[in-house]
Structure formats: C-alpha cells, structure tokens
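I'd like to walk you through one structure, starting with a loop and working towards the helices.

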Amino acid sequence: MATKQIGGANQFESTIGGVTVRGKAHSLSAWFVLALRLMMGYAFLYSGWDKIMAAEPFSAAGYLTGAVPDASPMAGVFAAMGNTPWFVEFVNVAVPWGELLIGLALIVGAVVRLAAFWGAFMMLMFYFGNWDVSHGIINGDFAYMLVFLAVAAFGAGRIVGLDALIEKIDVGGQTLVERYPKLRYVLG
C-alpha cells in the first residue's frame, strides 16, 4: 500500500494491491471530517457515560447469550462469549469504559487513529451482534464503522485536535513522529 500527496494540499493518491485511486478534496472537507470526529466522539462518550452512571451496573451477559439473532454468522461466538464468566466480566468493563475513552479521545483529538480503530472494531462486533439483513447487509452499525475508519484515514486528530500538537513534541531535536514514525499509526 502506498499513499502520497500530489500537487496541492487537497489532492491525494493511494495504491492498494496495484490499484491506484486519485482524488481532490474540497477545502470544506476538513470541517466535514471534524464534524464526523466530534459526532462519533459525542455519541460514544455519552453512551459510555450513560452505562457507567446507570443505577444498575452494565451487564452484557443477556445480550451475548440471548439477543444476538441465530442468523448472525457469529451467533455461536457471541453465545460462547456470554457463557464464559471471565469474558462477560471483561466485556462489562470494556464496553462502557471503552466507549467513554474512545469518545473522549475523539472529542479532544488525541490518539485518534487508535481510538477510531477500536471504535470501528466495536461497531463491527455490534454489526454482527445486531445482525439483520432484511434491508440488505448495510445497516447503521456498518455505516458507523465506516465513519470511524474515515476519521482514522483522514487523520482527523490533526484538525483542531491534540494530535497536531502531540506530533510536534520535540524529542532530541526531532518531532515525536520523526523520532518514532510508527506513532503515525495511532496519532492523527
């Protein structure tokens, strides 16, 4: 996979598996990407906070063992997860706190690619857990997964976000991402 900037700041090109696509983004695209980041950030922050602050503790057991449709390609996996007590306890913590932390990271624009990856992973799991293809294979969970991936791909943390500052931290005369290039996979 090769990606490079061509021409001006709003032009891009990417090659994956020998197929190259080129495009030119409108100057308003940055505002759209920022809006997507903030929207998903708010949705996840609110959802996590609501679960953490609920009068009754969050429990995924019933969902994992009884709410996933039998038609889901992963119905057996969800049932196995729901019948494994230590895994249910893990999910009971990981889902609300994961949502809260993903939402917070997106809102402040810090470690956005990492947060968006985990947000996309959660949406993929919700997609299979809420399996319903009566209107086709694309549903809201799938669409939100793609929004998370777009936020990551566009490096949305650099748009009015802390990632733009984090990347520029001086480490021995180099910026943080020059010194540690692999951080580009989690920042942005």
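Let me begin with a question: where is Val 160 found? Val 160 sits in the loop between helix H6 (140-153) and helix H7 (162-166). When I say helix, I mean a DSSP run of H or I with at least four residues; a strand is a run of E with at least two, and both are numbered from the N terminus.

Before I go on, the ground rules. This is a predicted model, in which local features need pLDDT of at least 70 and side-chain atom pairs count only at pLDDT 80 or more, while totals for chains, interfaces and linings use all residues. Residues are numbered from 1 along each chain as its sequence is written, and side-chain values use heavy atoms, with hydrogens and water left out.

Back to Val 160. Its phi is near 50 degrees, a positive value in a residue other than glycine. Val 160 is also exposed, at a relative accessible area of 66%. For accessibility, buried means under 20% relative accessible area, exposed means over 50%, and partly exposed is in between, with a 1.4 Å probe and protein chains only.

There is another residue of this kind. Val 111 is not a glycine, yet has a positive phi of about 45 degrees. You'll find Val 111 in the loop between H4 and H5, and with 33% relative accessible area it is partly exposed.

Now the overall picture. The chain has eight helices and five strands, and along the sequence they follow the pattern β-β-β-α-α-α-α-α-α-α-β-β-α. Along the principal axes, the C-alpha atoms fill a box of roughly 55 × 40 × 25 Å. Of the 188 residues in the chain, 35% are buried. If we take contacts with a separation of 6 or more, 60% of them are between residues 24 or more positions apart. Contact here means heavy atoms within 4.5 Å.

Next, a helix pair. How do the axes of H1 and H4 cross? Helix H1 (residues 29-53) and helix H4 (residues 85-108) have axes that come within 7 Å and cross at roughly 150 degrees. The axes are lines fitted to C-alpha atoms, for helices over the stretch in contact, and the angles run from 0 to 180 degrees between N-to-C directions. The crossing of H1 past H4 is left-handed, a label used if the near helix is turned anticlockwise from the far one by less than a right angle; clockwise would be right-handed. On the H1 side, the contact residues include Leu 38, Phe 44, Leu 45 and Trp 49, and on the H4 side they include Val 95, Trp 97, Leu 100 and Ile 107. By class, this contact has 16 nonpolar, four polar and three charged residues. Nonpolar covers Ala, Val, Leu, Ile, Met, Phe, Trp, Tyr, Cys and Pro; charged covers Asp, Glu, Lys and Arg; the others, Gly among them, are polar.

Trp 97 of H4 is partly exposed at 43% relative accessibility.

On to H3. The buried residues of helix H3 (residues 75-82) are Ala 75, Phe 78, Met 81 and Gly 82. They lie on the same side of H3, because they cover an arc of only 125 degrees around the axis; that arc is taken from the directions from the helix axis to the C-beta atoms. Their cover includes helix H2 (61-67), H4 and helix H5 (112-129). Gly 76, also in H3, is exposed at 54%.

Last, the aromatics. The structure holds 11 aromatic pairs. Rings of Phe, Tyr and Trp (its six-membered ring) pair if their centres lie within 6.5 Å; planes under 30 degrees apart are stacked, over 60 edge-to-face, and the rest tilted. One of these pairs is Trp 118 with Phe 121, edge-to-face at 5.6 Å centre to centre and 80 degrees between the planes. Both lie in H5, three residues apart, about one turn of the helix. Trp 118 is partly exposed at 42%, and Phe 121 is partly exposed at 38%.

Tyr 127 and Trp 131 are edge-to-face too, with ring centres 5.4 Å apart and planes at 70 degrees. Are these two buried or exposed? Both Tyr 127 and Trp 131 are buried. Together with Phe 128 and Phe 142, they form one aromatic cluster.
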